Number of protein chains: 2
Amino acid sequence: MLLLLMLFLSAESRAQQTIAERLGYPRDAKLLIVHADDLGMAHSVNVATMKAFETGLVNSGSIMIPCPWLPEIADYAHKSPQADLGLHLTLTSEWTSFRWGPVSPRDRVTSLLDKDGYFYLTESEAAAHADPKQVELEIMAQIERARALGIHPTHLDSHMGTLYQNKELFEMFLRVARSQKLPVRVAKNWFTRPDLPGMLNPDDVYIDRILDITPSVPPGDWSKFYSDAISKLEPGVTEVVIHLAYDDAEMRGLTFNHPDWGAAWRQRDFDFFTSDAFRKLLQENQIKLITWREIGKLIK
Amino acid sequence: MLLLLMLFLSAESRAQQTIAERLGYPRDAKLLIVHADDLGMAHSVNVATMKAFETGLVNSGSIMIPCPWLPEIADYAHKSPQADLGLHLTLTSEWTSFRWGPVSPRDRVTSLLDKDGYFYLTESEAAAHADPKQVELEIMAQIERARALGIHPTHLDSHMGTLYQNKELFEMFLRVARSQKLPVRVAKNWFTRPDLPGMLNPDDVYIDRILDITPSVPPGDWSKFYSDAISKLEPGVTEVVIHLAYDDAEMRGLTFNHPDWGAAWRQRDFDFFTSDAFRKLLQENQIKLITWREIGKLIK
C-alpha cells in the first residue's frame, strides 16, 4: 500500500514537474538546444556544421542516413563520441538536381518512391502515398544502418516533418522511438494541433517549444529575428532548429531553384549561430545550452 | 549463288576495312573521341564537363546512373539531344566520404555490396565478389533507369573497368551491349590481353586505341604528356579518356585521401582539354573529332 502510494506520488509529482525540473534545473531556467538539421546531405552541410560544433554554440544535430555524404559524418561521429547526434529520418528527396532513395530494398518500399525511383520531392506527396508498414520498414532500416556504421543516435526527428504529416505515421514514429528508447522532436507549442496530446503516453518526453525561421523573414532581418527570439526566450526547453552550409558551388548547384532553405539561407544561419553576437546573447540572457543526450536519460 | 558470293565479298571487305574506313574516312585519317568519364558523380564533375562540351573540344561522355547528381546531367541530356552521352556502368563506389549503391533492389544484388551496403571501393574487390547474374540484373537496371529518365545512350563503358576484370563479366557485358545494339569501349591496343580477341564476334565494333593519363605522370608534365600523345597520334580511331571537374570544395572533400583522379587531377584535365593549345594541336595535326554516335551506326 505504501509502495503504491509512493508510486502514485512519484507519477503525480513527475506529471507536475516541468521538463526543466526533471532535467535537474530550476523551473525558470532557460534551456536551449541549438540543433543543425540535414547532416550527411552534402559536403557543404557537413563541413559547415562540424565547424559550427567547434565553436560550442551549435551543440546538436541530426543525420540523414540515405544521403551520399553519410560516410563523412559517420566518420565524425566515430571520432566525436560525445557529440549530440540524432537521426533525421528521411523519406523525401527535395532537390531536383541531386537526389537519393531508400536504404531498404526498393521493391519492398514502393509506396515511398516517385516515378524516377527516388523518395518524393515533398512531405505531403510522401505522406499521401506512404504505406505506414513500408515507412516503418524503412525507418528501422535507417536506424539499423546508423548503428552498423557506429552511430549511436541520441534522438530522432523527421526530415521535412514527413512523419508528423498524419496520425497514422506519427503514431508509428512514436512507437518506433519508444522501442528504441530514444526521444523524439515533439514540443508543447505544437499542441495547438488537437490530435497530438492524445497520442502521447505519460512516459513520453517532450520539450517546451521549437523555434525555427521561416521564408517570411527577409534575408536582411535574419540576425534581428534570431536575436529577438533569443532575447525573449521563455523558461523551459527550447530547440532552435537551424540549417547550416556554406553558400558555395555545391550548395548553389543543389538548391539553385529553391532559395528557401537554400545555399544563402544556410550561410546566414551559419553566420549568426557561430557569431560572437550569438554567444553574447546567450550570456546576457542567462541561457544554458543542453542536449538531447540529457533528455534521453529521462526515458525509462 | 551470286548473292552468296556478294555476301561473302561484303563480309570479306568489311573484315579488311579499318574502323576509320567503315566510318567513311580515309584509312590514314586521325580520328579522336575526347571522352569525359564520371558524369552524374558530383556537381563539380557535371558543371566542368558541361562547360567543356560548350567549347566543342570535349565531345563525348558517360553517365553514372547510381550517383546522386544524375538528375542534373539527365536534365542536360534532355536539353541537348545531340550530345554524345553513354552510360558509365557503375559497380564501385570509390570515395570514402561520399558513396552510392545499386539501382536494383539491394536484396537482389547482395554480391555487389560491401559491409556498409554500398558498392565496393575497388574494381578488384567488386569483381572478386560479383555474381555475374546479379551484375547483369544491375547493369540492365541502370540501362532501364537511364531510358526511363529520357537518356538515350550512344555507348557503354564501365566505371573503373570492373566489367573488364574477368572473362565471365566481360562476356556478359558484351552480350548485354549486343542486345542493346550499343558499342562498347573496346580497343585493339588492349589485345595484348590474350583472351580478349576470342571474346569478340565478327560483328562487334571496336576502336583502335584508348589513351589515358596515369598517376606516373607528374602534375607539371600534364600538358606535355597530352601534347606529345596528340602530336604523335596514329591514324585510326583513338579515344582519350579524361576526368573533368573543378578543384573546388566539393571535389576536394570527395577525393581528400585520393589524389589520383582527384580534384586537382580533374582540374588539370579540364584546363588542358578546354585550352587554345589543345585546339591548335588538333588543327596542326589534322585530327578530326568523332563520336560514339557515329560508331554506333555501324552496328546492325
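Is A:Asp247 buried, partly exposed or exposed? In this predicted model, A:Asp247 comes out as partly exposed, with a relative accessibility of 29%. Its side chain pairs up with that of A:Arg252 in a salt bridge, at 2.8 Å from N to O. A:Arg252 is partly exposed too, and its relative accessible area is 49%. That value stays in the middle class because exposed starts over 50%.

Elsewhere, shared partners link salt bridges into one network. Its members are A:Asp37, A:Asp157, A:Arg185 and A:Glu239.

## A pair within helix α9

Now for a look at a helix. Helix α9 of chain A covers residues 222–231 and holds both A:Lys224 and A:Asp228. These two sit 4 residues apart, which is about one turn of the helix. They form a salt bridge, and their closest N and O atoms are 2.9 Å apart.

## A:Glu21 and A:Arg27

Another salt bridge joins the side chains of A:Glu21 and A:Arg27, with 2.9 Å between N and O.

## The overall tally

How many salt bridges are there over all chains? The count is 28, and the pairs described here include A:Arg252 with A:Asp247 and A:Asp228 with A:Lys224.

Notes:
Residues are numbered from 1 along each chain as its sequence is written. Chains are lettered from A and ligands numbered from 1 in the order in which they are written. This is a predicted model: local features need pLDDT of at least 70, side-chain atom pairs count only at pLDDT 80 or more; totals for chains, interfaces and linings use all residues. Side-chain values use heavy atoms; hydrogens and water are left out. A salt bridge is a side-chain nitrogen of Lys or Arg within 4 Å of a carboxyl oxygen of Asp or Glu. Buried means under 20% relative accessible area, exposed over 50%, partly exposed in between (1.4 Å probe, protein chains only).
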